[in-house]
Amino acid sequence: MTIVLMLAALLIILALSVYAGRLLWLVKKQRIEQEEKKVAQQKALASHDTKILQSVLIIVKAMQEEQCDYSEGCWRLSVLLDSLKLSTQMENEFPAIFNLYKQIKHLSILDERKQMAKRDRMKQDLERMKVEAQCLEGVSTTLPLLRQYTTERLAVLANDM
């Protein structure tokens with residue numbers, strides 16, 4: 001009788017061992033899948049940020065070469081920098097760009113601007129030019145810093161991918 005009980009106990013221990021081993025294997029498999037998902041997500045975010053930073057670099061160059069108005073450039077840069085996934089606090093790093101944007105974001109653009117009376121468009125153009133003149137120095141000194149930041153960040157992202 002004791003032999004039967006010992007065999008039953010041994011079978012129970014063996015079954016529990018197999019079950020525990022299977023559970024450990026499932027946990028390991030789940031951990032690996034989570035890590036793979038995390039890596040894939042980081043690559044996707046890095047790819048997104050790379051595209052954004054390349055656009056930022058193009059706009060900064062255009063602004064420095066005076067091919068793009070500061071107001072238009074800051075508008076575009078603010079939107080792009082806000083959309084970065086792996087970098088945060090861009091507003092704190094480049095306040096001059098965001099400051100100009102905040103002062104002109106209420107002005108009409110695109111179709112809304114086309115539908116305005118000529119007098120109203122001229123009024124908004126005057127306001128935009130005044131704001132640009134006030135922010136000119138700050139934005140001018142910020143552009144080289146943003147260009148350097150963007151170039152360095154693109155290099156880091158290229159190494160990570």
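Predicted model: local features only at pLDDT ≥ 70, side-chain atom pairs only at ≥ 80, totals over all residues.
**Reading pairs, cores and a bend**

Visitor: Are Lys102 and Glu91 buried or partly exposed?

Guide: Lys102 has a relative accessible area of 43%, so it is partly exposed. Glu91 has 34% and is therefore partly exposed too.

Visitor: Which residue forms a salt bridge with Arg76?

Guide: Its partner is Glu72, and the closest N and O atoms of the two are 2.9 Å apart. Both residues sit in helix H2, four residues apart, which is about one turn of the helix. With 44% relative accessibility, Arg76 counts as partly exposed, and Glu72 is partly exposed at 35%.

Visitor: Which side chain meets Arg128 in a salt bridge?

Guide: That is Asp125, at 3.3 Å from N to O. Helix H6 holds both Arg128 and Asp125, three residues apart, again about one turn of the helix. Arg128 is buried because its relative accessible area is 15%, while Asp125, at 25%, counts as partly exposed. Salt bridges with shared partners also link Arg113, Asp125 and Arg128 into one network.

Visitor: Now for rings. What describes a pair of aromatic rings?

Guide: Two things: the distance of the centres and the angle of the planes. You can look for two aromatic pairs here. In the pair of Trp75 and Tyr101, the ring centres are 5.4 Å apart and the planes stand at 80°, so the pair is edge-to-face. The step to that label is that the angle is over 60 degrees.

Visitor: Where do Trp75 and Tyr101 lie?

Guide: Trp75 is in helix H2 (residues 70-82) and Tyr101 in helix H4 (residues 95-104), so the pair ties together parts that are 26 residues apart in sequence. Tyr101 is buried, as its relative accessible area is 18%.

Visitor: How do the rings of Phe94 and Tyr149 meet?

Guide: Their centres are 5.6 Å apart and their planes are at 65°, so this pair is edge-to-face. Phe94 lies in the loop between helix H3 (90-93) and H4, and Tyr149 in helix H6 (residues 118-160), so the pair ties together parts that are 55 residues apart in sequence. Phe94 and Tyr149 are buried.

Visitor: Next, the core. How many residues does the largest nonpolar core have?

Guide: To read a core, look for buried nonpolar residues whose side chains touch one another. The largest nonpolar core here has 34 residues, and Met63, Leu77, Val139 and Leu146 have the most contacts inside it. Helices H1 (2-64), H2, H4 and H6 are the elements that give two or more residues to this core. H1 supplies the largest share, nine residues.

Visitor: Which residues does Met63 touch?

Guide: Leaving out residues up to four places away in sequence, its contacts include Gly73, Cys74, Leu77, Val139 and Leu143.

Visitor: And is Ser71 buried or exposed?

Guide: Ser71 counts as buried, because its relative accessibility is 2%. You will find Ser71 in helix H2. Apart from neighbours within four places in sequence, Ser71 contacts Leu100, Ile104, Arg128 and Glu132. Here you meet Arg128 again, the salt-bridge partner of Asp125.

Visitor: Last topic: where does H6 bend?

Guide: One way to read a helix is to compare its end-to-end distance with that of a straight one. H6 has 43 residues, yet its end C-alpha atoms are only 51 Å apart, short of the 63 Å a straight helix would reach at 1.5 Å a residue. The helix bends by about 55° at Cys135.

Visitor: How far apart are Pro95 and Cys74 in space?

Guide: They are 11 Å apart, C-alpha to C-alpha, and 21 residues apart in sequence. Pro95 has its place in helix H4, and at 47% relative accessible area Pro95 is partly exposed.

Key:
Residues numbered from 1 in each chain as written. Heavy atoms only, no water. Phe/Tyr/Trp six-rings, centres within 6.5 Å; stacked < 30°, edge-to-face > 60°. Buried < 20%, exposed > 50% of the residue type's maximum accessible area, 1.4 Å probe, protein only. Contact = heavy atoms within 4.5 Å. Core = buried A, V, L, I, M, F, W, Y, C linked by side-chain atoms within 4.5 Å. Expected span 1.5 Å × (residues − 1). Bend = angle between axes of the 7 residues up to and from the residue. Salt bridge = Lys/Arg side-chain N within 4 Å of Asp/Glu carboxyl O.
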